[in-house]
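Subject: Structure handover

Hello,

Here is the structure you were going to look at.

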Amino acid sequence: MQKNKRQNKAAIPEQEPRVSVPHQNIPPRGAPPAAAIKPFQIRGRYFTAVALRPEDGPLDQAFYAALDAQLRWSPHFFDGAPLILDLAQAPGLTRPAELQALTDCLRSRGLAVFGVQNASPLQTAAAEDAGLITIASGKDAPLNTDGPARPGTRRELPKKLRPPQNRLITRPVRSGQTVVAEGGDLVVVGPVSSGAELIARGSIHVYGRLRGRAMAGAEGDEDARIFCHSLDAELLAVAGLYRTSENLEPELLNHPVQVFLQDGRLCVETLG
Amino acid sequence: MSKDLKLEEPLGKVIVVTSGKGGVGKTTTSAAVGAELARRGHKTVVIDFDVGLRNLDMIMGCERRVVFDFINVIQGDAKLKQALIRDRRLETLSVLPTSQTRDKDALTKDGVQKVLEELRQEFDYIICDSPAGIERGAQMAMHFADEAIVVTNPEVSSVRDSDRVLGLLNSITDRAGKAGAEPVKAHVLITRHDKSRISNGEMMKVEDVLEVLAEPLLGIIPESKAVLRASNLGVPVVLDDPSAAATAYEDAVGRLIGEQIEMRIAADRRPGLLQRLFGRAV
């Protein structure tokens, strides 16, 4: 009898909260039930990937040697960067085993390969076998259009005219500073010191001496250019293709120049 | 403590002497600029921010008179008046020494601000002698500055470090953070200028330095034995016997307070025969 009583006593306080707590707490929390109970959210994500575009040749020792040389040249640039295989120039790369081997070799070098683009139907199938997704390359349209056509196509994307997202800097850019124009062109009126970094989605204009690093077309715009009053840069890059001070022609130094991509090559030309 | 000579409000201007690189002459410059301002009748205090490596007190010749220091004041262990050391040569000049036993973490932003606010009420010029580097000590020294003297040697690494510091002045200081505030006004002071080494190509030309730093030139201090001598004696170089370096500092201070003085590059003359006959030449 006593035992029973104790059990009852114990059971009541245990049960009470079980019944009352949910009744008190759930309704306010779950007020708009359908929306809040959803266990995930869907967000658009936008990021930059590096595209590796193999030429249509055998993927042999020479290919990997050249790749390794490139990675040594700029080790941090590729660190953990998501990488897409752009097969536009390599229609012959169709055998699943070959694609798998390439993927494995790239991953063993710390490159995070996750997809292919510009793939033929055969290549798409091979990519699927290798666990790679196929990225529609229609997005790349701005890269393929000619210069004059670009402003038009760009403006068509947003329905309303937005203010240009360019950035103007009127002070010297000092060593250790990084100036980013995420949405457009970057204009610097003043010198850019050695050790400073300019990054722009569009073009970069420097009305002064450029001693630091300048990266235009940071999101892949191959029409972006770099202009500067006096060239003494540590690094010039357009849409990921770059040159360092060591491989700039010495006769260009201290001259006004423009830097642009032409036929997949980074050209540096004097102005005026 | 004597009464204020001036009736009007003190100017209360905070000037940081900084450089990034070590050994370029920040402390010498702080002492010389402070002493010259004081000699011109401005109430001036020089603060040592190099916690743990204090030198300013030695260069100012008051190392034996340090009882309380900047850190004691920040931590509330002493009153500001107790820590300030009045110069024996110039009554308008004071020194706020730092601690030799603590480290830079003892500098708190609130503490520094409080001390500087108190000093602004009393002094015309508050010269902050920054430690080398761009870490806490240097950042605290520059944080509340109104103006900056960036000391640089005509040498590539010193110039690059100064450039970095100029960038910090425009980004991390109190003035940089406040919307609508004037940015910190920076001046470049070239020290250890050596004509012969520049003409040899061993050192950078003044134009090249200024081209990189793109800020107005406050003065060019020649490399001079007088500087080392004055430091060892514990006398700010402008209060020691006349020398090319002292003249250059005097001119620099004149420019700092807005005088128009033509830039001249002085150098110590080699003692001529007559000088050698008639005694010591500086």
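What follows covers the interface first, then the cysteines, the aromatic pairs and the salt bridges. Please keep in mind that this is a predicted model.

Interface between the chains

On the chain A side, 13 residues are in contact with 12 residues of chain B. The size of an interface is often given as the accessible area lost when the parts come together. Here chain A and chain B bury about 1100 Å² between them, and 35% of that area is on carbon and sulfur atoms. Within chain A, the residues that lose the most area to chain B are A:R171, A:R174 and A:S175, which together account for 51% of what that side buries.

As for specific interactions, there are five salt bridges between chain A and chain B. One of these salt bridges joins the side chains of B:R160 and A:E234, at 3.6 Å from N to O. Polar contacts between chain A and chain B come to 10 residue pairs, counting pairs with both residues at pLDDT 80 or more. Sorted by class, the side of chain A that touches chain B consists of two nonpolar, six polar and five charged residues.

Cysteines

A disulfide is a covalent bond between the sulfur atoms of two cysteines. Over all chains, the count of disulfides is zero. B:C62, at 3% relative accessibility, is buried by the under 20% cut-off.

Aromatic pairs

A pair of aromatic rings is described by the distance of the centres and the angle of the planes. Over all chains, the structure holds two aromatic pairs. In chain A, the rings of A:F63 and A:Y64 have centres 5.2 Å apart and planes at 85 degrees, so this pair is edge-to-face. Are these two residues buried or exposed? A:F63 is buried, because its relative accessible area of 19% is under the 20% cut-off. A:Y64 is buried as well, with a relative accessible area of 13%. In chain B, B:F49 and B:F70 form an edge-to-face pair, with 5.1 Å centre to centre and 75 degrees between the planes.

Salt bridges

How many salt bridges are there over all chains? The count is 31. One of them links A:R243 and A:E249 within chain A, where the closest N and O atoms are 3.2 Å apart. Within chain B, the side chains of B:E36 and B:R39 form a salt bridge at 2.9 Å, N to O.

Regards

Key
Residues numbered from 1 in each chain as written. Chains lettered and ligands numbered in written order. Predicted model: local features only at pLDDT ≥ 70, side-chain atom pairs only at ≥ 80, totals over all residues. Heavy atoms only, no water. Contact = heavy atoms within 4.5 Å. Buried area = accessible area lost by both parts, 1.4 Å probe. Salt bridge = Lys/Arg side-chain N within 4 Å of Asp/Glu carboxyl O. Polar contact = N/O pair within 3.5 Å; in protein donor to acceptor, adjacent residues only side chain to side chain. Nonpolar A, V, L, I, M, F, W, Y, C, P; charged D, E, K, R; others polar. Disulfide = S-S within 2.5 Å. Buried < 20%, exposed > 50% of the residue type's maximum accessible area, 1.4 Å probe, protein only. Phe/Tyr/Trp six-rings, centres within 6.5 Å; stacked < 30°, edge-to-face > 60°.
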